[in-house]
Amino acid sequence: MKCLNCQKTTNSFLCDSCLNNKELEKVLNYIIKREIIQDDNRLNTFIEESTYEERCDCFSILLKDYKGKNKEYYNCKYLKMIHSDLFEEMALKYLDKNDFNMINSQDILYDLLNFYFRNDFITPQKWYNKILNENSLCYELYINAAEYFSMIGDYEESKFLLDKIEASINELNVLYSRNTKENIINSIRKIRNLLERYRNGKPYWPNTEERRKKIATIYDEKGINYKGTIKVNAYKKNKIKEDEFALINECDDYSINSYCSFWCNYVEGIKGIKDVYELAAIKVVDGVIVNEFTQFIRPWDGNQYIKKAAKQRNIDDVILSQSEEVEKVVKEFVEFIGQDILISTGALGNQLKVLTRALRYAGIFKIENGFLDILDFAADTDEQFDMENNTREVLLQAFELVDEVDAKSKAINNIKILNGLKEWK
């Protein structure tokens, strides 16, 4: 293998001549922060092409050879990397022994606060109060604290920290160089939007029952009314099991001129779970578009789905976090479509699967509408749309169409594909 520093052939990550504290710190810091080092292609390539496990292994091996003054700091960082149960204990010992205002101490504190974040609102409160009263800490601690205070109902404290960040944005220290001025401004806007939502009748409400009990205790002490929030999330109790959903009515009348074209934008989880985050329907009567429905949905399986959906849709994740719950949007959708035939590519496949999942989470176990799958129409129209080429992408290409990221444009493209197939020669 090649030395990560000088690229000489070696049996380890660093050759003997590079195995000194200076070069070790360089590599250890780089693995922690994963930030591009100018003119260091070998190290950059390793970070970009290695797996998380490989980076942890590299860090562990190099840390054994490191004898510098920051040994305890790197030990804490490694324990955090591997999600060790010892991290909390070692981090607290480190913070007890080292100056709170040192950048390495702030880095360990930031990791510790992320360790507690959303799981424990009480234990870290002393640290957050300390951050509130300090004037020379890094941006990451201030923004983390601002979000924490907004979540526990200390709205003025959250606003105070956001104002502090904004006022000193050009002088703030940062732990990670990726937190550019533009990213900081975006983060401030995001937390301000959340803060506005929390303090105006929709306080933060976690996804799990255990976390809800913890935050409810805090809200009760502060007299914050969160009962409406519980009601909003109550749809989960009404979830219909997949095998309890009624059979779907299929439609094979490809000549129809009155129908609803629909599209669900969704994200997938590692277990194949699909969260709909945008729903669109275009009503067509006698071949003419007469009405439309489009609405964002707050993904219901957790914040990771919100962030993933926002990235996919190229919007700020606060837009989705403040969107209506699936129960409300789905019921409006069902009212809009009435008795119309529903058409889409995958109307009897993947689009049906994600739509019925949203329906089930809204407590709906049956949909009376007929479903026409444009992919079936294509397969019956021409042999070139066979099993291998029977995809939406192939149809878009055949009719020189391009999907935009929004659900409405995809629903409109459904109509254009359907019309194109009707005229196919």
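## Salt bridge between Glu292 and Lys408

In this predicted model, the side chains of Glu292 and Lys408 form a salt bridge with an N to O distance of 3.0 Å (a side-chain nitrogen of Lys or Arg within 4 Å of a carboxyl oxygen of Asp or Glu). Because Glu292 belongs to strand 4 (residues 288-296) and Lys408 to helix 19 (residues 407-422), the pair ties together parts that are 116 residues apart in sequence. Helices (H or I, at least four residues) and strands (E, at least two) are DSSP runs, numbered from the N terminus.

Glu292 is partly exposed at 40% relative accessibility, and Lys408 is partly exposed at 27%. Buried denotes under 20% relative accessible area, exposed over 50%, and partly exposed in between (1.4 Å probe, protein chains only).

## Other salt bridges

The whole structure contains 23 salt bridges. Glu278 and Arg313 pair at 2.8 Å, N to O; Glu278 lies in strand 3 (residues 274-285) and Arg313 in helix 13 (residues 303-313), 35 residues apart. Both Glu278 and Arg313 are buried.

## Nonpolar cores

The largest nonpolar core comprises 78 residues, and Phe59, Leu109 and Ile131 have the most contacts inside it. Such a core is a set of buried Ala, Val, Leu, Ile, Met, Phe, Trp, Tyr and Cys residues joined through side-chain atoms within 4.5 Å. A second, separate core of 29 residues includes Cys260 and Trp300.

## Basis of the values

Residues are numbered from 1 along each chain as its sequence is written, and side-chain values use heavy atoms, leaving out hydrogens and water. Local features need pLDDT of at least 70 and side-chain atom pairs count only at pLDDT 80 or more, whereas totals for chains, interfaces and linings use all residues.
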